Amino acid sequence: MKSRLLPLLILPALLAGCGGRATDSGTDSDHLVILHTNDTHSAIDPDRKDLGGMARRKVLVDSVRDARSNVLLIDAGDAVQGSLYFTIFGGEVEQKLMNAMGYDIRILGNHEFDNGMASLAGLWKQVDADRLSTNYDFSGTELEGVFVPSVMKEYNGHKIGFIGINLDPSGIVAEENYKGLKYQDAVSRANEEAAKLRAEGAEMVIAVTHIGYEDETGCDDLHLASASKDIDIIIGGHSHTVIDPAKGIPAWRVANAEGDTISVLQTGSSGVNLGEIDINLADKSVKARLIPVDSRLDSRIDRAYAAQIDPYRAKVDSVKNLRIGESPREWERRSPEMLNLLSDFVRRRGAEISGKPVDLSIMNKGGIRNSLDKGPITQGEIIDIAPFDNRVVVIDLKGSDLLDNLAVMAGQDGNGVSGNVKVVYDPDTKAINTATVDGKAIDPARTYRIATIDYLANGNDYMTPLKNGVRVARSNDVLYVSLIDAITAGKLDDLMANPDTTNRMTAF
């Protein structure tokens, strides 16, 4: 074996089930190994639990490439947005590191659009991988000619086709950020392109998708699988679902339109896992697993690769380490108390910018991207928590539209509202049972003054009823700047000292 292989004590744990150069069912050249990632969200370095990291990922990728004959590296989108590396450098770091790692196929996620089409085109024209987009028509835009609908690859005489399927940007991507893009139905285009590849001799078709494993708002991987007959494997992203074949929950072997069993896989998010799919090209059988990305890999890190990060990390650390306050406790990203804290802050900020009290606030849990540790609060931590270019806005909205929007939020299993709001909804139908503001039922005929962020006020995150609101005020600062100023001034000390751990929208 080559010198880049991991030490013997580590290698079996990495390659268990792969079988090295010989396999249980033929020679290694009769196998295709696909390594896959999704939703890395600019997690260049290990996270606060010391998991993930791009340099560690490269150790695994290099090790598998050294041990196996046919290896393909694929990313299923949302490589960017979620850390200071993207906030400061706008995608440059991610592109450089993914090119250096040697990705073979990449598709877009929704967050690739966060800085608009012109920025996206500038970055993706530099991508070395095959760039797939089967159901986006970029004609007449800056991205025209950058993507292809499919690609065919051949291994030991076996042809394998690949397609790239993306979500409908309407309601999830800011309209101005995808202007000119024409969305085409995911299932019909997937089936059309898969059939075309079959007609051209593909023995298998693999769909790389960014539509989510299971998504009530639209088409998802399970829907695509059940509506398709020519797709053999779906490598997904968007929903951050950890699909662990070893556990079988959630299901990774599902039925297609003809009742045949196909594979649906996804690694979660933030680069804490690397997915591996081993395809026996002779009989088309599939084995799959997740490989954790953790500190056991540190002794084998490629120093030249890691050195590419150093100049960027210096700038990131200069922002990250600037202390602005103190947190008396930990705030976990997905906890009710974190969502409540941000929701209550948005209400306070709305009152400040409008000069008058507001009736309530609305905040989306998807806008919270990181946790906060107990102890010193730094500027960088706050930017990582709310990294988007969102501003607090105040709108006047009819009670009937407010009730409609709360129903949308119930369909998302609840979302953020200020502490004076209580909503109870049916867990099955998601219909609103009761909704009160300051203890009084919401009046459909009354106009309510609401603080939220402009992303939601524009109808995104599928909150289209908010588009009916009349804009009253808008903050000059993005949300993370407003938060940093408030924490620095001690304006959130009371909320942070007395966290509200209740679910303000509850299913009953």
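Let's start at a salt bridge: the side chains of Arg313 and Asp45 meet with N and O 2.6 Å apart. The term stands for a side-chain nitrogen of Lys or Arg within 4 Å of a carboxyl oxygen of Asp or Glu. This pair links distant parts of the chain, 268 residues apart: Arg313 sits in helix H9 (residues 310–320), and Asp45 in the loop between strand S3 (31–37) and helix H2 (54–67). Helices (H or I, at least four residues) and strands (E, at least two) are DSSP runs, numbered from the N terminus.

Before going further, please note that this is a predicted model, where local features need pLDDT of at least 70 and side-chain atom pairs count only at pLDDT 80 or more, while totals for chains, interfaces and linings use all residues. Residues are numbered from 1 along each chain as its sequence is written, and side-chain values use heavy atoms, with hydrogens and water left out.

How covered are the two partners? Arg313 is partly exposed, with a relative accessible area of 24%, whereas Asp45 counts as buried at 19%. Buried means under 20% relative accessible area, exposed over 50%, and partly exposed in between (1.4 Å probe, protein chains only).

The structure holds 33 salt bridges. Side chains of opposite charge can pair when their charged atoms come close. Another such pair is Asp494 with Arg348, whose closest N and O atoms are 2.6 Å apart. Asp494 belongs to helix H15 (residues 493–497) and Arg348 to helix H10 (residues 336–354), so this bridge ties together parts that are 146 residues apart in sequence. Asp494 is partly exposed at 39%, and Arg348 is partly exposed at 34%.

Elsewhere, a network of salt bridges links Arg189, Glu192, Glu193, Lys196 and Glu200.

Now for the nonpolar side. A nonpolar core is a set of buried Ala, Val, Leu, Ile, Met, Phe, Trp, Tyr and Cys residues joined through side-chain atoms within 4.5 Å. The largest one has 151 residues, and Ile362 is among those with the most contacts inside it. Leaving aside residues up to four places away in sequence, Ile362 touches residues including Leu402, Met409, Val417, Ile450 and Leu466; contact means heavy atoms within 4.5 Å.

Finally, look at helix H14 (residues 479–488), where seven of the ten residues are buried. Among them are Leu479, Tyr480, Leu483 and Ile487. Just after H14, Gly490 takes a positive phi of about 75°.
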